[in-house]
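Here is a short briefing on one protein chain. Keep the structure open beside the text and find each part as you read.

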Amino acid sequence: MKAACISKHGSLEEIVIQDMDSPQPGIGELLVRMKFAALNHLDSFVVKGWQGLELKMPHVLGSDGCGIVEDTGAGVSLFKKGDVVTINPGLSCGKCDACLAGEQNLCKTFSIKGEHERGTFAEFFTVPEISAVKVPVGYPLEKAAAAPLVFLTAWRMLVSRARLKPGETVFIHGAGGGVSTAAIQIAKYLRATVITSTSTPDKVDKAKKLGADHVINYRDMSDFSSHVFKDLTGKQGVDVVIDSVGTKTFSTSIRLLRPDGRLIICGATSGPATDLDLRQVFWKQLNITGSTMSNQKEFRDVMKLVFSGKLDPVIDKIFTLDQAREAEQYLVQADQFGKVVLRE
Ligand SMILES: [Zn+2]
């Protein structure tokens with residue numbers, strides 16, 4: 001089969017299309033013929049590598065993917081050949097206390113498809129049947145592939161970690177990112193007020209169309225945090241900040257929060273290091289919470305809303321599997337609004 005792989009860590013130039021043996025479904029696993037797969041920032045971090053990441057090379061990239069069940073391993077009971085599925089990229093042991101309590105993303109062996117094991121950027125990939133859901137007939141497959149990682153991440157952040165309530169105000173950095181396009185919609189679904197930031201007039205319009213109440217073009221303002229504080233929240237600050245950007249945004253996130261506000265962090269695309277003034281944390285009595293992926297129930301809950309059309313994955317651009325490297329280069333330029341997708 002054809003797959004987008006790396007044979008060593010380095011720049012995105014390491015991504016090549018090569019022939020390799022198709023995987024075989026293990027016990028409880030599905031073999032899926034990929035129709036669409038979606039990119040995430042995680043892909044480029046895996047290409048670069050980090051200390052402790054030991055991959056079996058060549059490594060197939062990709063966490064999100066949807067397609068048609070081609071074969072089933074021993075013991076599979078929920079799916080049959082021909083079913084159309086999309087997947088939860090979070091993988092766990094299924095046997096430990098955390099997994100048995102339904103908190104699979106707290107499992108000590110928790111990993112993400114495409115991060116520690118072969119991913120979805122290939123003609124075929126395998127997945128445990130417990131991590132798959134059927135795609136309803138007629139639902140667009142490119143959206144079914146684009147939704148899982150960003151929607152399950154945003155759902156856990158806002159619903160389970162922030163416990164966002166109707167009438168509260170949430171600030172979301174970088175409206176065009178995949179998690180942000182999901183978080184804006186989920187926050188509106190939860191009847192919160194949404195303030196978001198972005199970098200071009202075109203993206204301002206798109207964020208408003210997604211439902212954001214206030215959209216700031218941060219390139220137009222030297223200090224947008226004081227505008228948010230004074231003009232948009234009546235000098236109160238926001239209840240919740242969603243931050244997946246890291247170094248570039250962390251101090252602004254802290255400044256934007258009201259006393260007892262909640263900062264939820266799910267990533268650090270601009271870098272992991274930060275100078276935190278602890279006085280701001282204790283004086284404002286802030287709550288700083290991490291969040292990673294979701295458990296299986298959160299994944300299923302949010303995908304029901306996606307499949308019913310209440311939440312709508314935003315797709316910026318579709319490339320072919322052969323163009324995986326160009327697609328990754330396009331994503332790291334951060335000019336997109338929504339998801340970048342590969343088709344078979
Ligand atoms: Zn476990």
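Strands β11 (residues 169-172) and β12 (residues 193-198) run parallel, joined by four bridges. Thr169 has Thr193 in β12 as its bridge partner. This is a predicted model.

**The six-stranded sheet**

- The sheet is open, and its six strands follow the order β13-β12-β11-β14-β15-β16. Their pairing is parallel.
- Which strands stand at the edges? They are β13 (214-217) and β16 (287-290). Each has a single partner strand, so one side of each has no neighbour in the sheet.
- On average, neighbouring strands here are turned by 20° against each other, direction ignored.
- Helix α7 (residues 224-232) packs on this sheet. The helix touches β11, β12, β13 and β14 (238-243). Its direction makes about 155° with that of β13.

**Helix α5**

- Helix α5 covers residues 178-189, twelve residues in total. At 1.5 Å a residue, the helix should span 16 Å. The C-alpha atoms at its ends are 17 Å apart, which agrees.
- Is α5 mostly covered or mostly exposed? It is mostly covered, with ten of its twelve residues buried.
- Among the buried residues of α5 are Gly178, Val179, Ile184 and Ile186. Gln185 is buried too.
- What do the buried residues of α5 pack against? Their partners are α4 (148-161), β11, β12, α10 (296-307) and β18 (339-343).
- Arg191 follows α5. Its phi is positive, near 65°.

**The nonpolar cores**

- The largest nonpolar core holds 87 residues. Phe151, Leu158, Val170 and Ile186 touch the most other members.
- Which element gives the largest share of this core? It is α4, with eight residues.
- Take Val170 as an example, leaving aside its neighbours within four places in sequence. Its contacts include Leu158, Leu164, Ala187 and Ala192. Thr193, Val194 and Ile195 are also in contact with Val170, as are Val240 and Ile242.
- A second core is separate and has 14 residues. Ile216, Val238, Val241 and Leu257 are among them.

- Leu256 lies in helix α8 (residues 250-256).
- Is Leu256 buried or exposed? Its relative accessible area is 2%, so Leu256 is buried. The cut-off for buried is under 20%.
- Which residues does Leu256 touch, not counting residues up to four places away in sequence? They are Phe171, Ser225, Val228, Gly237, Val238 and Val241.
- Leu256 and Trp50 are 206 residues apart along the chain. Their C-alpha atoms are separated by 32 Å.

**The three-stranded sheet**

- Another open sheet has three strands in the order β2-β1-β4. Here the pairing is antiparallel.
- The edge strands are β2 (16-19) and β4 (59-60). Each has a single partner strand, so one side of each is left without a neighbour in the sheet.
- How many bridges pair strand β1 (residues 2-6) with β4? There are two, in the antiparallel sense.
- Cys5 stands opposite Val60 in β4.

Note on methods. Residues are numbered from 1 along each chain as its sequence is written. This is a predicted model: local features need pLDDT of at least 70, side-chain atom pairs count only at pLDDT 80 or more; totals for chains, interfaces and linings use all residues. Side-chain values use heavy atoms; hydrogens and water are left out. Two strands pair if DSSP finds at least two bridges between them. Axes are lines fitted to C-alpha atoms, for helices over the stretch in contact, and angles run from 0 to 180 degrees between N-to-C directions. Contact means heavy atoms within 4.5 Å. Buried means under 20% relative accessible area, exposed over 50%, partly exposed in between (1.4 Å probe, protein chains only). The expected span of a helix is 1.5 Å times one less than its number of residues. A nonpolar core is a set of buried Ala, Val, Leu, Ile, Met, Phe, Trp, Tyr and Cys residues joined through side-chain atoms within 4.5 Å.
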